[in-house]
Amino acid sequence: MVDDDPIERTLRLAFAPYHKRALGVASGIVAALTAFLVTVFHVVAAPAGAPNFELLGQYFYGYDITWRGAVVGAWWSFVAAFVAGWFAAFVHNFVMATWLFVVRTKAELSSTTDFLDHI
């Protein structure tokens, strides 16, 4: 179906659904790199007044402030952020589809409210 109407093309792009896997992977990569780099910074520099990142071990099994912990933290951060990104895209797509369904249904019903008058 090819649309020549630029407004319809623009609206189709504006209300396009998010790709769930792509948002999950992008979120996961950003979170994994952040966790890895922060852990490596704490391993190398060992700043005195820095926040206690060992508390991440309460959420991420096997995490500690070591080189191995940097890899474990990156893995768990990727998994957690992937799930969060996938779920956020799912919720966005669901809400937009529901909203568009309601708007279309209201528009169709309002255009046919007087059909009995024409019989």
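This briefing walks through a surface patch, a pocket and a few individual residues of the structure above. The model is predicted, so local features need pLDDT of at least 70, side-chain atom pairs count only at pLDDT 80 or more, and totals for chains, interfaces and linings use all residues. Residues are numbered from 1 along each chain as its sequence is written, and side-chain values use heavy atoms, with hydrogens and water left out.

**Surface patch**

- Trp86, Phe87, Phe90, Val91, Phe94 and Val95 make a nonpolar surface patch of about 570 Å².
- Patch members have over 30% relative accessible area and no salt bridge, with nonpolar side chains (Val, Leu, Ile, Met, Phe, Trp, Tyr) joined within 5 Å and like charges within 9 Å; a salt bridge is a side-chain nitrogen of Lys or Arg within 4 Å of a carboxyl oxygen of Asp or Glu.
- Accessible areas come from the Shrake-Rupley method with a 1.4 Å probe, and for residues only the protein chains shown count as cover.
- Trp86 sits in helix 3, residues 67–111 (helices are DSSP runs of H or I with at least four residues, strands are runs of E with at least two, and both are numbered from the N terminus).
- With a relative accessible area of 35%, Trp86 is partly exposed (buried means under 20%, exposed over 50%, and partly exposed in between, using a 1.4 Å probe and protein chains only).

**Largest pocket**

- The largest pocket holds about 250 Å³ of space, and its lining is formed by Glu8, Leu11, Arg12, Phe15, Trp99, Leu100, Val103 and Arg104.
- Helix 1 (6–14) and helix 3 are the elements that give two or more residues to this lining, and the largest share, four residues, comes from helix 3.
- On a 1 Å grid over the protein atoms alone, a pocket is an open set of points with protein on both sides within 12 Å along at least five of seven lines, while a cavity is a set where a 1.4 Å probe fits but cannot get out; lining residues have an atom within 4 Å of a point.
- Grid points are joined across faces, edges and corners, and the volume is the space filled by probe spheres set on them.

**Buried residues**

- His42, in helix 2 (residues 20–45), counts as buried at 12% relative accessibility.
- Not counting residues up to four places away in sequence, His42 touches Pro47, Ala50, Pro51, Phe53 and Ile65 (contact means heavy atoms within 4.5 Å).
- Asn93 belongs to helix 3 and is buried, with a relative accessible area of 15%.
- Leaving aside neighbours within four places in sequence, Asn93 contacts Pro17, Tyr18 and Lys20.

**An exposed residue**

- Lys106 is also found in helix 3 and counts as exposed at 59% relative accessibility.
- Lys106 and Phe94 are twelve residues apart in sequence and 18 Å apart in space, C-alpha to C-alpha.
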